[in-house]
Structures are given as structure tokens and as C-alpha cells.
Protein chains: 2
Amino acid sequence: MSVTHPAGFRAAGITAGLKASGKPDLALVVNDGPQHTAAAVFTSNRVEAAPVTWSRQVLADARVDAVILNSGGANACTGHQGFQDTHRTAEKVAELLGLSAGDIAVCSTGLIGELLPMDLLLAGCESAAAALSASGGADAATAIMTTDTVSKQALYEADGWSVGGMAKGAGMLAPGLATMLVVLTTDAVADSEDLAAALRAATSRTFDRVDSDGCMSTNDTVIALASGASGIPVPGHGLERALTEVCADLALQLVRDAEGAAHDIRIDIVSAATEAEALEVGRAIARSNLFKCAIFGRDPNWGRILAAVGTTSAAFDPTALDVAINGVTVCRASGVGDDRNLVDLSARDVHIVVHLNAGEAAATIWTNDLTHDYVHENSAYST
Amino acid sequence: MSVTHPAGFRAAGITAGLKASGKPDLALVVNDGPQHTAAAVFTSNRVEAAPVTWSRQVLADARVDAVILNSGGANACTGHQGFQDTHRTAEKVAELLGLSAGDIAVCSTGLIGELLPMDLLLAGCESAAAALSASGGADAATAIMTTDTVSKQALYEADGWSVGGMAKGAGMLAPGLATMLVVLTTDAVADSEDLAAALRAATSRTFDRVDSDGCMSTNDTVIALASGASGIPVPGHGLERALTEVCADLALQLVRDAEGAAHDIRIDIVSAATEAEALEVGRAIARSNLFKCAIFGRDPNWGRILAAVGTTSAAFDPTALDVAINGVTVCRASGVGDDRNLVDLSARDVHIVVHLNAGEAAATIWTNDLTHDYVHENSAYST
């Protein structure tokens with residue numbers, strides 16, 4: 001159930017003292033091989049954190065031997081000093097493990113615009129290296145939490161090989177509520193092209209379709225590591241299916257733990273002309289604060305859904321839209337449908353289906369409602 | 001100080017009974033000429049309300065004799081019946097005033113997806129026509145309020161002619177927090193091309209640059225009426241300047257009365273390569289819920305500003321951004337600047353300046369913070 005379930009991996013999660021709360025804040029995941037194949041997807045935010053800049057370079061040769069991840073500070077908007085701190089962290093881990101710094105990926109999450117306390121972090125690296133174990137996955141998943149209320153792990157088991165994963169945050173690659181960090185491990189034998197293609201396919205249909213609050217982090221990172229320790233070569237589609245399943249599992253865990261959310265909202269856009277247009281419409285709805293407030297208030301306010309759909313350039317007839325909320329078709333042909341009082345929004349799960357009646361394509365976006373707790377958490381976070 | 005200040009206009013605001021609260025809900029503005037030149041700008045939302053569809057047709061010949069405006073119901077997503085109701089409303093007003101229905105513009109605001117109570121509305125038209133007076137502007141401004149806490153009026157006085165205006169809502173043409181309705185009147189002599197050009201120029205630099213919550217209404221409408229009653233022809237630039245001043249005044253009144261807001265935020269994007277890019281960056285910041293929550297929490301969290309800037313395609317060096325919050329340059333060269341504890345966010349007015357250091361262009365966007373009251377108002381509005 002963790003990144004250490006697949007053979008060839010060790011992990012640790014310890015307390016370096018970066019967080020005022022004294023909770024665990026430093027995780028280390030090591031790939032002991034025999035292979036060290038890696039692939040990654042990073043935030044598309046142009047203002048990217050130092051560890052993202054560093055890890056992009058590390059991934060250039062598709063080899064990663066270890067990933068060091070800290071919570072308690074994003075090391076973003078920290079200039080040259082921030083990049084040097086990331087570099088020093090990688091060198092420290094490399095020195096402790098007898099590896100090359102150029103094979104150590106670094107991830108950070110926390111407040112933007114503050115330098116990390118490097119004395120604490122480097123001492124923490126020593127503790128983490130000493131704590132590495134083949135059963136350390138759960139500790140690692142705990143150490144990367146920030147505003148998460150639960151740690152997130154997932155597992156896909158096949159015949160003789162597996163994929164494990166851990167995640168933190170309530171966000172996504174583009175956009176993200178808070179930084180999302182994900183480490184995926186597999187003992188399958190995979191070459192770097194297959195791993196990269198499988199990861200891109202998996203993230204594009206999972207994390208990329210979570211749109212919790214429309215904000216994009218400077219630090220989002222998903223790294224996949226393949227050790228080959230099972231000795232079993234997995235064809236591209238098998239690996240893609242496994243990674244997609246683990247990513248979908250983790251993505252839903254992120255949605256269910258989004259900051260301050262009271263409802264998890266699945267938005268299905270169907271009968272669209274193209275999948276891209278279905279996604280555009282889904283995101284427009286997911287980013288409407290008025291819609292999100294209505295769901296919080298258990299108000300099946302379908303007019304706000306139509307108003308959001310109307311802002312897009314997708315193909316549809318503005319007089320021919322249908323909308324169902326939790327199974328009740330409250331809007332037919334862009335007008336009043338079944339009785340909105342039949343809609344029950346008391347449960348956490350909400351299911352919106354929008355029929356564009358313009359084609360055969362479909363897509364799903366996941367989001368959350370906009371609540372008092374969201375405002376509270378995000379107005380008090382750094383103070 | 002109202003739409004009846006310029007010569008040639010009468011107005012009324014009465015209670016038709018459309019609102020459960022029993023507050024005034026129907027306004028009528030009549031242009032008695034001698035000219036009846038008109039121009040308008042409508043929502044760009046493709047899902048547009050019946051009165052918007054109707055009024056677009058009315059404006060096609062650039063002549064409007066009267067505008068009837070109701071609160072208590074948006075008449076949006078109401079299908080053929082909704083359009084027929086708008087048509088009947090225009091016919092009723094035309095009949096009462098001895099005019100042609102094709103010269104009567106209609107505006108509605110309130111909940112989407114409900115038919116208007118036509119018996120009450122048509123009876124209200126009779127009361128409104130009977131109440132018309134050359135001093136009825138203030139009543140009209142009151143009757144179009146929905147969640148507004150104060151009525152909004154503005155006046156520009158020149159030598160022998162003037163421009164008056166009224167507005168409701170806390171929104172904008174694209175996008176809008178809630179429906180924005182604006183009626184502008186002038187007794188200047190203006191031909192339709194000059195009036196249309198002046199109105200487009202005025203709205204593009206005022207209402208279009210208010211981005212309170214990123215949501216676009218189905219009903220937004222700005223209508224300008226010119227009576228020519230002063231007998232004074234005003235050259236295009238003079239009219240544009242006057243309309244811009246009145247629109248800017250009304251736009252700021254909308255910002256200051258935005259639903260649930262605790263701060264009014266002015267975002268200046270300077271040293272941009274182009275004005276369009278400055279606007280793109282300003283809107284990205286104005287739509288970041290994390291930024292808006294931080295301002296509510298009086299937290300000068302400049303990292304969230306940089307994260308929003310980084311999502312845009314504007315020209316800038318991601319390592320060379322400067323940000324000032326209320327006069328304190330908290331971010332220099334995309335890193336830590338002056339002490340963030342020097343920033344005082346206790347006042348309602350907040351001033352953000354972002355230096356892209358990429359050119360000579362600049363633009364200003366106005367927005368509000370994201371507060372508990374916003375969530376409360378918008379989760380409870382229709383229930």
C-alpha cells in the first residue's frame with residue numbers, strides 16, 4: 001500500500017524541525033535498482049520553485065536514484081540562494097548514500113518566499129538516510145503532508161510486479177489548490193520512453209482533471225521511479241493502465257481531502273464535439289465561485305452552471321443544454337426541467353452531468369465546493 | 001446626480017411585487033427626445049437571458065425610446081416563454097407611452113431559471129408609467145437593486161449638457177459577480193456612431209476592468225441614451241471623456257459594494273510589454289482564490305501573486321518580478337524584498353503594483369477579496 005511495496009525501494013519519513021508544529025517534515029525514497037529509470041511531470045507555472053528547476057535537470061537523463069521531499073517550506077521565489085540550497089540538499093543526500101547529486105530529485109512544499117533552515121534540513125537528511133527501510137513508505141507519506149488531514153497512498157498489484165504511490169496536497173499539475181507532490185514506484189522492468197509515455201498518459205487523465213480551486217502551484221511534481229527488481233518487463237499499455245489506476249486513486253484522495261471542502265463534485269461533460277471542448281466546459285464550471293458556493297449551500301442552482309458553460313467557446317446550441325444534478329434533470333433544453341426540490345445535496349458526493357448535445361466526446365473534471373472553511377484556512381495559513 | 005439630470009428624460013421606480021421582500025423592483029427610464037439615439041454593450045455570455053436577446057434587436061437601429069428594468073427575476077434560461085414575456089413587457093410599455101415596442105429595451109436581474117410573474121409585472125408597468133417624472137432618477141436606481149446594499153448613481157456636468165448614470169450589481173460585462181445593469185443618459189446631441197464608439201471606449205476601460213469574482217452573468221447590459229435636449233453637439237472625444245468618467249464612478253461604486261467583500265483591491269500591472277498582457281496578468285491575480293483569501297486575512301502573501309502571474313503567457317523574466325503591496329516592495333527580483341510585516345492591510349483599500357519589467361505598457365484591474373460573507377451570500381441566495 002506504499003512506495004516501498006514494489007521491490008527495490010526503501011523509504012523514510014522523519015522530523016527535521018522545519019515545521020513549527022513539530023510534525024514529520026522530511027521524506028526520502030531510494031531506488032536500489034537494479035534499474036533506475038525515472039520520468040516526471042512538473043508544474044506548468046512559469047514561476048517555478050528552485051527544487052522544480054533542479055529536478056527538471058536531474059530528470060534530463062531519465063535516471064533518478066533517490067527523491068528527497070520536505071514539507072515546511074516551498075523554497076519558491078527564493079532566488080539564487082534557494083537554488084543553491086536545493087543543490088546542497090541533493091549533494092548531502094548523494095554523499096550519505098554514495099550516489100551522484102545529479103541523480104537526486106528534490107521536492108519542497110510549504111510557504112512561498114522563505115528560505116529553508118538549511119542546518120535543520122541537512123541534519124534531517126542524515127536522520128532520514130539512517131531511517132531508510134523497506135517498510136518506510138507510510139512514514140514517507142506522512143512526512144510530506146502540509147494542510148492534508150490524512151496521508152495518501154495507493155497500490156496496484158499485478159502478477160509478480162506492482163506500482164505503489166504516495167501523494168500530498170489537494171491540488172493538481174495545472175492548476176492546483178496547494179502544491180501537489182506525488183512519488184510513484186514500480187518494480188516492473190520499463191525503459192525510459194515507455195515509463196515517460198505511461199506517466200504522461202496517466203497524469204493527463206487523473207491529476208490534470210482535478211480542478212479544486214483553479215490555482216496553480218509553483219512546486220507541483222509527479223515522479224515515477226522504476227527499479228526493475230521484479231525482473232518482469234511490462235508492455236507499455238500494462239504500465240500505463242497500472243499508473244493510471246494508482247494516479248486516479250491518489251487524485252480522488254486529494255479531492256476528498258481538499259482544504260475546507262464539504263462536497264466532492266464530479267462533473268461529467270457528455271455529448272461534446274471534442275474531448276478538449278468537454279474539458280474546457282468542465283473546467284469553466286469547476287472554476288465558477290458562484291456554482292461552488294451554491295453546492296456548499298446545497299442549492300441545485302443550475303442557472304450558475306449554464307452561465308459558466310456560456311463563457312466557453314465549445315460547440316453547443318445555447319438553447320439545447322441539459323443538466324442533471326445527482327440524477328435529477330433540473331434543466332432541459334436550457335430551460336426549467338424536473339423539480340429542483342427533488343435534488344438531495346446532503347451527501348458529500350455530488351454528480352453533475354452536462355449534455356452539450358453537440359457530439360460524441362466526453363470528459364470528467366473533479367472539483368470541490370467553496371466553503372467557509374476554505375476561506376478560513378486560506379486566509380489564516382501564513383499568519 | 002441621476003439619469004433624469006440631463007434634459008429630456010423622465011424615470012420612475014416602483015414596487016410591482018416581484019420581490020418577496022416587498023422592496024421596489026421595477027424601473028422605467030424614458031427618453032423624450034428630441035433625439036432618441038442609443039448604444040449598448042451586452043454580456044458576452046453565450047447563454048444570454050431573453051431580455052438581452054430582445055434588447056440586442058431593439059438596439060439594431062440605434063434608437064431606444066424607453067428602458068424598462070426589473071429586479072426580482074433574471075428571465076434567463078426560460079426558453080420561448082421567457083422571450084415572449086419580454087416581448088409582452090415591451091409591448092405593454094409601448095402601449096402605455098404611445099411608442100413602438102421595437103424601441104423599448106428590456107433588462108432583468110435576479111434568479112436564473114424562473115419565469116417572471118407576468119400579471120404582477122404588467123400591472124407594475126402601468127404604475128411605473130403613471131409615476132414617471134423628471135425627478136424620478138433616484139427611485140429608478142433603487143428599484144433595480146438586488147443584493148446591492150446602496151443604490152449607485154453618477155453625474156458628469158459640462159457647460160450646458162451632462163451625463164447621468166445608474167447601475168446595479170457588483171459585476172461587470174465580462175466577467176461579472178452578479179448581473180450588472182447600467183443606464184446612462186445624456187442631453188448632448190450625438191449621432192449613433194459617436195455614441196456607440198464613446199460607449200465602447202468608456203466600458204472597455206471601466207466596467208471591463210472590474211473582475212470581482214470571475215463569473216460572467218447572462219444578463220449584463222449597459223445602455224446609453226442621448227436626447228439631444230441641450231441642443232449642444234459634443235465632439236466624440238468630449239462625449240467619450242464624459243461617459244468614461246461616469247462609468248468609472250459607477251464601476252468603483254460596484255466594487256465598493258461587491259457581495260460580502262471586506263477589501264477593495266486595485267491591481268496595477270506596470271512595465272508590461274503590451275496593455276493586453278498587463279490585463280491578462282491583472283485578471284490572473286484577480287481570479288486567484290488563494291490571493292483573495294490572503295487579502296481577506298490581511299496577509300501580504302506575495303507568493304500567491306507570483307504564482308498567479310506565472311500562469312500567464314505575458315512577456316516577463318520569472319526571476320525579475322517586483323511586487324509592492326500598499327507601498328511596501330515585499331518582493332524584489334522574484335525573491336524576498338522589504339519586510340512583509342511593514343504592510344498594513346487593515347484598511348478597506350488595497351493597492352497592489354506588479355512590475356513585469358518587460359516594457360512600457362500598463363493596466364489596472366479592480367477586484368475584491370474572498371470572504372466568509374461572500375460564501376454565505378452566494379450559498380444562501382436562492383434558498
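Mentor: In this predicted model, a residue is called buried when its relative accessible area is under 20%.

Trainee: Is Asn378(A) buried or exposed?

Mentor: Asn378(A) lies in helix H10 of chain A, which spans residues 372–380. Its relative accessibility is 3%, and the cut-off is under 20%. Asn378(A) therefore counts as buried.

Trainee: Which residues does Asn378(A) touch, not counting those up to four places away in sequence?

Mentor: UniProt, in an unreviewed entry, lists Asn378(A) under "binding site", and Glu259(A) is also among the positions listed. The contacts of Asn378(A) include residues of chain B.

Trainee: Which strands stand at the edges of the open sheet in chain A?

Mentor: The sheet has 6 strands with mixed pairing, in the order E13-E12-E11-E14-E10-E15. An edge strand here has a single partner, so one side of it is left without a neighbour in the sheet. The strands at the edges are E13 (335–336) and E15 (361–368).

Trainee: How many bridges join E10(A) to E15(A)?

Mentor: E10 covers residues 264–272 and runs antiparallel to E15(A). Within this pair, Arg266(A) stands opposite Trp366(A). The number of bridges is 7.

Trainee: At what angle to E15(A) does helix H7 of chain A run?

Mentor: H7 comprises residues 275–286. The helix lies across E10, E14 and E15 of chain A. Its angle to E15(A) is about 20°.

Trainee: Where is Thr312(A) placed?

Mentor: Thr312(A) counts as buried because its relative accessibility is 4%. Its contacts beyond four places in sequence include Glu280(A) and Arg46(B). Its place is the loop between H9 and E11 of chain A.

Terms used
Residues are numbered from 1 along each chain as its sequence is written. Chains are lettered from A and ligands numbered from 1 in the order in which they are written. This is a predicted model: local features need pLDDT of at least 70, side-chain atom pairs count only at pLDDT 80 or more; totals for chains, interfaces and linings use all residues. Side-chain values use heavy atoms; hydrogens and water are left out. Two strands pair if DSSP finds at least two bridges between them. Helices (H or I, at least four residues) and strands (E, at least two) are DSSP runs, numbered from the N terminus. Contact means heavy atoms within 4.5 Å. Axes are lines fitted to C-alpha atoms, for helices over the stretch in contact, and angles run from 0 to 180 degrees between N-to-C directions. Buried means under 20% relative accessible area, exposed over 50%, partly exposed in between (1.4 Å probe, protein chains only). UniProt positions are given in the numbering used here, feature names are shortened, and annotations may be inferred rather than shown by experiment.
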